[in-house]
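Here is a short report for a reader new to this structure. Take a look at the chain before reading on.

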Amino acid sequence: MSTDNNEVDLSKPPAEGMVRVTFMPEGKTVEFEYGTMPYDHHGKPMSFLDVAENYGIFLDHACGGVCACTTCHIWVVKDSGKGISEAEDDELDRLDMAADQQLNSRLGCQAVITGPGTYVVEIPSWNRNYVSEGKPLTLSQEK
Ligand code: FES
């Protein structure tokens with residue numbers, strides 16, 4: 001079972017086996033049982049991009065989630081779960097080209113949630129206009 005912002009009780013930690021992800025600065029929180037989220041074919045399975053796509057949260061991903069751009073750049077603000085995958089060399093090389101790189105920088109398509117827990121990530125400011133205006137239409141949705 002999964003829930004979105006309207007149903008997540010933020011006054012309590014997530015139940016055992018659950019993953020809770022908050023996307024800042026919007027504060028949009030989603031929660032789902034670890035291992036149950038379907039793969040949305042964007043980035044690595046269980047990456048933050050995969051989570052965002054599953055819940056209709058816009059996280060730019062110009063290369064389609066194959067570690068060939070930096071548009072999915074995020075900052076990991078909190079990781080109190082079993083963790084997030086270590087960055088591999090190709091991700092680190094790509095991150096060197098990212099604007100506003102910080103010690104907690106990751107590529108949203110490559111950073112994979114590896115266990116239940118609470119995660120907070122921030123989408124850098126140069127990506128926020130898209131977020132505040134909502135997820136853009138894909139070609140198949142245009143009329
Ligand atoms: Fe291009 Fe993540 S979407 S590197």
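## Strand pairing

Two strands pair if DSSP finds at least two bridges between them. The model shown is predicted. With that in mind, start with strand S4, residues 73–79.

S4 is joined to strand S5, residues 105–107, by three bridges. The two strands run antiparallel. Here Trp75 stands opposite Ser105 of S5.

S4 is also joined to S6, in this case by four bridges. This pair runs antiparallel too. Val76 has Val121 as its bridge partner in S6. In a regular strand, side chains alternate between the two faces of the sheet.

## The nonpolar core

Which residues touch the most other members of the largest nonpolar core? They are Phe48 and Ala52, in a core of 24 residues. In soluble globular proteins, nonpolar side chains tend to be buried together.

Ala52 has contacts beyond its sequence neighbours. Leaving out residues up to four places away in sequence, Ala52 touches Phe23, Ile57, Leu59 and Gly108.

## Tyr55 in its loop

Tyr55 sits in the loop between H1 and S4. Is Tyr55 buried or exposed? Tyr55 counts as buried because 20 C-beta neighbours lie inside 10 Å. The cut-off for buried is 20 or more.

Thr29 is 26 residues from Tyr55 along the chain. The C-alpha atoms of these two residues are separated by 9.6 Å.

Technical notes
Residues numbered from 1 in each chain as written. Predicted model: local features only at pLDDT ≥ 70, side-chain atom pairs only at ≥ 80, totals over all residues. Core = buried A, V, L, I, M, F, W, Y, C linked by C-beta atoms within 7 Å. Buried ≥ 20, exposed ≤ 12 C-beta atoms within 10 Å, placed from the backbone. Contact = placed C-beta atoms within 7 Å.
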